[in-house]
Amino acid sequence: MKAASSRFLFLILFLSCFLGSGSISAHSEDAVRLSNGHYIYQYVALSDEYLADGNYEACLSVSDTILKYYPESGRAQLIRANIFLKEHLWKESVAVGEEAAKTFPADTSLRKALYEADMQLNRPQEAGKEANILARLNPSDSRNSVRQLEVKKKIILIWLSRIFTGILICMLSFLLYQVYERNSKAEMGGSFKKMWPLEVIFIPSSITLIGYLLFYHFSGYIWSKNIHYPTQDYNPYIIRDFIFDHDGIEGYTLYLMFLAIAFFSAIAFILMKKIRSKVVYYLLLAASGICTLVLLGHTGFYPPFADLADAPLLLLPVSFLFAGLVWWLTTLAMRHPKRGFVIMALILAVMFFIPYAPISVYDYGYILSPALRLFYGEHIPNVYFQYDLYMSLMALGFMKLGISAYNLIWVARIGYYIFFILLFIFARRVFHEKKLAFLLIAFDILIRYYANMDPVGYFQITLWRIDLWLILLCLVYWRGVYHWSVALFLGLLIIFHRNFGFIYLGAYIQLIIALPILECIKGKAQDGFFTTIFKVLRSISPNILILVIAFGGSYWLLGGMLPSSALAYQKIGIGMMKIAATSFYWYTAILLGAIVILLVRHHERISEKYFVSGIFLVLLTIGNSMYFFGRSHEHNVLNLAGTLSLCFFMFIDLLAISIREAQLSDNLRRWLRYIITAIPLVSIGLAVFCYLGSMGWKFQHQFEYMTDNKVTFKPELKYDFKELRKLTNDSRKVFFLEFEKDFLYYYEGGYKPMGYFNPNDAWVLKKDMAAMMQNLIDSGYYIAVTDHKYADEFLTLLNYDRCKTQGKYSVCFKSENAPLAPDPSLIFSRQFVDTIPSGGIRSPALILPKEYTVDCGFAVDSTQRKSNAIIFSNLNTALDYQGMSLTADPTGEHVVFTYGLGSQQAATPPLPIRRGWANQFTATIKPGVITLYINEEKVWEKAYIGEVANSDRPFMIGNNEKGDERLDGHVYLTEIRDK
């Protein structure tokens, strides 16, 4: 019985322990979960900090940790959605964002990320839902109406794409029907009539589709060829915004691909002419037609960077009425061409010389800053010209003549006027359909000038930079391909406009090679290809000599052909976007291939000048497209509208020639002429409709300028240089750690810009700019700051020991470069504002008397992470105990003062301070007693035997000598005075 009862009690105890252990285990698991719940907030806070700093690699690492330990929280997806948005990974942002939205349906940052990604993916319905949710979550947000309007515009653009594709399919179907009608009675294998209009469209489209599919098949490899650095290594102001799209070798690939499309279009057309089998011809035509439809299905038709008005559907008829007005004015001008030209010239003068916006100092700074360095005597090889030399030389001329550099904006306006007049003269002389010259100018003004964001205020997109090809084209047309003037102009471009000079030289060499190739293909070359090439080379030997001299002059003047520092943008891929699968630029490949086909087809019917100019125009357009291939931003399609619109209207002119001379039925000829007439008018109407927002804004501001003269051209700089001169003892050695406005400070203040890259945001890597700034500080320069938003990242990398503030300015420098006013009691003084270097400030060992006072102004952040962060210290405990230190604890609420007495070391208890606020610490060291004050209140006093031993160690502020006890906070002032 006892045994049984004991067994029963044992069983009860065992079960109790088992159940109890299960209960304890469950409670322990809950406790762990609760304690881990505390850490997830730390992870989230850390990820928010990294995201704000642009350190996306670290942010992704934190999100991986959250995903591993807290997969059901949804926080990792929330973080990743925002990171992918920053990196322009739209599909990934939508995928993780929709998952995160299940857990965080009311998170506005997530909804904004989903809205932006949906818009980029052409999903306006989904974007509209996100916009409505944002409006409900935050009704006071001023962006709500803008988002809803953007969704509406996107939907209209998608419908435009569908309508255009449908119309194009109908036109192709009509032409196919005409082919069937014309050949229905032809016998198999006998003669049949080929339909060249279909060939002109189908052949380049099918070849473009092949290139399109091959490009995206290998796009992963193409886009991977860039150097990658951690986000924090880049210049923080502008550069970090452009590092998340890497296009690798896309520019070179597309350049070669477009050349191949143009070349193989001509070859395919010539081969199609040799086909004698009706079945083979129809099969090839049908296959190329299917390829055309597939390409249209992939790309759609999205006008680049469209800016529709608020009520676009109501204004669509008005847009086409405007096109009709342009046609009527063109008809009137054709009756009196000279009067029409004069009237057009006057209208252009009104358009281009009435301002609508002030100069963009930030963009012009890339031209004006190098010019200012040259103005102060810097040698050309020591200056970086992002937009090449000759534009900065233009600005330098203004400065030398005492003309305000801001007036360079009028050079841009004059350039537009000259360009459009020259473009009209060229088109009027070349085109067979003379009306097209007037329509070309109307269309180009709308696209190139009024539709573009600001073609005058941003000098990099003006005609002076990307449209000098027109002068070269005119020289080839009027003087001939092999004339010395063509080589002379190319030579000047190579010296003064290197980037585009090389591009246009490549187009010129391709032209010299292409002409004999076309002759050989058509069987009209009297000699072989290589013999013809050798004859050409002998005939252009003066041109070769001019180009060799130009290369030598460029090397001598600029110190090299392509400086390695200037290639940094390309190697890293700064601002290099991937071309979109729906980019409007894919139509350019079809257009260029169609022009080459028509030029080859009508070689006998048009003049040799027309033929050569047409081929050269195609090559120049492909070369100029490097400006788009390098960035692939759709607004660059508008910037390149000069070449593209001329190609487009040359294509229309060649179509008109084809219709006029082809053997067609009267009905078909009439319909085709209607289509040819409608193409430029519909294009003008669509241009007005799609870009009415930008056009309306510019017309409004031009009207305001005429009536109220509201537009001012001199940028305002609201800082008084008298304050700066007081801080710098009127020194001319000042470097402005500014972004966006640094040119204004140098120009208005009379200072010389320093550093190879100018303006400051032209520096790619932060460490390179910091090294340059450190050299300046060591040379006696002052670093002047007015905005610490981005400057702090650089200041923490620099070694300086003084920082003073007056008014809006802070200046950082080394004290030996600017000695203080004599003060017999002052032994040591270091002043700072806002920040100190991350490695701390290192000063030589101090010689201290037996009696002295230490004053230190500091603030400790609430995020202090080091257990003994150094505020100041020269403590030495290697052999005996010498020196003193003031350290902060991790809470940021206490400091400890430690001092050496030779034989021993003494320290105060933790002394309370105000965390996150400025504190004043004072220590008076007298023989036998130490007294401490914090914020002028006595907090500690102690007697000692002997004396405080001086240290021979360097006096450190903000960190120790090893750099591993950094203070998270600020040290404003550290002074030591005798007694």
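A salt bridge, as I use the term today, is a side-chain nitrogen of Lys or Arg within 4 Å of a carboxyl oxygen of Asp or Glu. Hi everyone, and please keep in mind that this is a predicted model.

Let's start with Glu378 and Arg373, whose side chains pair up in a salt bridge at 2.9 Å, N to O. Are these two buried or exposed? Glu378 has 16% relative accessibility, so it counts as buried, and Arg373 is buried too, at 4%.

Now for another pair. Arg123 makes a salt bridge with Asp118, and their closest N and O atoms are 2.8 Å apart. Here Asp118 is buried, with a relative accessible area of 2%, while Arg123 is partly exposed at 25%.

Asp768 and Lys767 also form a salt bridge, at 3.1 Å from N to O. Asp768 is partly exposed, with 33% relative accessible area, and Lys767 is exposed, at 54%.

Last topic, helix packing. Helix 26, residues 608-624, and helix 29, residues 641-661, have axes that come within 10 Å and cross at roughly 145°. That crossing is left-handed. On the helix 26 side, the contact residues include Tyr610, Leu617 and Asn624; on helix 29, Cys647, Met650 and Asp653 are among them. By class, the contact has eight nonpolar, four polar and one charged residues.

Thanks, and I'm happy to take questions!

Note on methods: Residues are numbered from 1 along each chain as its sequence is written. This is a predicted model: local features need pLDDT of at least 70, side-chain atom pairs count only at pLDDT 80 or more; totals for chains, interfaces and linings use all residues. Side-chain values use heavy atoms; hydrogens and water are left out. Axes are lines fitted to C-alpha atoms, for helices over the stretch in contact, and angles run from 0 to 180 degrees between N-to-C directions. Helices (H or I, at least four residues) and strands (E, at least two) are DSSP runs, numbered from the N terminus. A crossing is left-handed if the near helix is turned anticlockwise from the far one by less than a right angle, and right-handed if clockwise. Contact means heavy atoms within 4.5 Å. Ala, Val, Leu, Ile, Met, Phe, Trp, Tyr, Cys and Pro count as nonpolar, Asp, Glu, Lys and Arg as charged, and the others, Gly among them, as polar. Buried means under 20% relative accessible area, exposed over 50%, partly exposed in between (1.4 Å probe, protein chains only).
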